[in-house]
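Hi,

Here is the structure I promised to pass on.

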Protein chains: 2
Amino acid sequence: MSLVSETVREYMQRLASNEPTPGGGSAAAVAGALAAASAAMAANFTVGKKKFGDVQADIERILKVLNTQQQKLLELADADAEAYSQVGAAYGMPRDTDEQKQARQQAIQEALMAAAEVPMAVAEACAAFIGLLPELADKCNPNLISDVGVGAQLGSAALAAAQLNVEVNLALIKDEDYNSQKRRRLSQLATEASEAAEQAIEKVKEAILA
Amino acid sequence: MSLVSETVREYMQRLASNEPTPGGGSAAAVAGALAAASAAMAANFTVGKKKFGDVQADIERILKVLNTQQQKLLELADADAEAYSQVGAAYGMPRDTDEQKQARQQAIQEALMAAAEVPMAVAEACAAFIGLLPELADKCNPNLISDVGVGAQLGSAALAAAQLNVEVNLALIKDEDYNSQKRRRLSQLATEASEAAEQAIEKVKEAILA
């Protein structure tokens, strides 16, 4: 059964438990989806309102990205659990002969790379919408601007949580070219997203405290 | 129906929609619950294991707080929606006579204070467990340490998101004593929690990259 088809309460219980899945990568994906949904709420209270007629096309463009990334993040919340099961299966392979040992090692390395790709994709999805939040803060219905701030706070935390989950896998992966490529990309995503998130939060605070 | 009895996917859809609830305060509470559950997972993979026998009592004490606060945060996710409905109801009161106008104003102010108390309680609940995360990072099963980091990242973002939601209400509340009392408490919680979260994240990064 899909994890995101569980109730919020059941999902939390299973996350907290000593079952192997869902883990932190899945939690990061759910947090990213929460962030995208909060920002989408601000957009949805702006589209179709005459008062905000000038910005309709911009808001619709932003909303499309928010919806796509929210959807993707929910899929990644499930994909993370699946990828982790594969890592467990690889570690469980027989290692009686040298041939078996080699096959097991290769399967483990492949499974770890596949598992690293899930939080990588979570980080990419978060960065893809966080970059639009300063513009959304400028253009959305001002009654909903705090929800853009919630999106920026939760979105950048989700990205940072995803980054920790990539690093956990990289620590076990022996292909240094692969590792440094992932680290470069993560660092780029984190820098861009944290600048955009800070900008958005600044705009939100100015608007609320004005 | 309780919002947290919806599936994760339904909750996200409703959050993103232009329905009045759930709003950003509820999203902050759900993010706080996600954070507590992630950290609880690290604790649950530590209790009852001989290898970590020395720290059983400490881990059990921390786990108890994590479980209590996670439960509270899920209740607050629902309470936020309820409080918001009350604000809407107060704004909808008749205002034909001076007496009605005064009664409406008073009802609005009371409903806004009740609505501010929910994200205040979210911030309190987050701070209550974030303060324990550096100790959990030191003592938990090291295979799960990244989940303590996820708890710290998501927990402090949830607290910051709750803070924005308190501020949105304070901006409409006319009792300046009430407002400055809430702002002082929020600033105290945010400072304590962000120090603890940074400490925990530093420990997690050192452990992962070691």
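Let me start with the lining of the largest cavity: nine nonpolar residues, no polar and no charged. Here Ala, Val, Leu, Ile, Met, Phe, Trp, Tyr, Cys and Pro count as nonpolar, Asp, Glu, Lys and Arg as charged, and the others, Gly among them, as polar.

Before I go on, some housekeeping. This is a predicted model, where local features need pLDDT of at least 70 and side-chain atom pairs count only at pLDDT 80 or more, while totals for chains, interfaces and linings use all residues. Residues are numbered from 1 along each chain as its sequence is written, chains are lettered from A and ligands numbered from 1 in the order in which they are written, and side-chain values use heavy atoms, with hydrogens and water left out.

Back to that cavity. Its volume is about 40 Å³, and the count comes to one cavity of 30 Å³ or more. (On a 1 Å grid over the protein atoms alone, a cavity is a set of points where a 1.4 Å probe fits but cannot get out, and a pocket is an open set with protein on both sides within 12 Å along at least five of seven lines; lining residues have an atom within 4 Å of a point. Points are joined across faces, edges and corners, and a volume is the space filled by probe spheres set on them.) Both chains line the cavity, with Val8(A), Tyr11(A), Val8(B) and Tyr11(B) among the residues.

The largest pocket holds about 1,000 Å³ of space. It has 38 lining residues, and the closest to its centre are Gln153(A), Ser156(A), Ala157(A), Gln153(B) and Ser156(B). α6 (145-170) and α7 (176-209) of chain A, and α6 (145-170) and α7 (176-209) of chain B, each give two or more residues to that lining. (Helices are DSSP runs, H or I, of at least four residues, numbered from the N terminus.) By class, the pocket lining has 21 nonpolar, nine polar and eight charged residues.

How much area do chain A and chain B bury between them? About 4,200 Å², 72% of it on carbon and sulfur atoms; buried area is the accessible area (1.4 Å probe) that two parts lose on being put together, summed over both. On the chain A side, α6(A) brings the largest share, 14 residues. That side has 31 nonpolar, 15 polar and six charged residues.

Cheers
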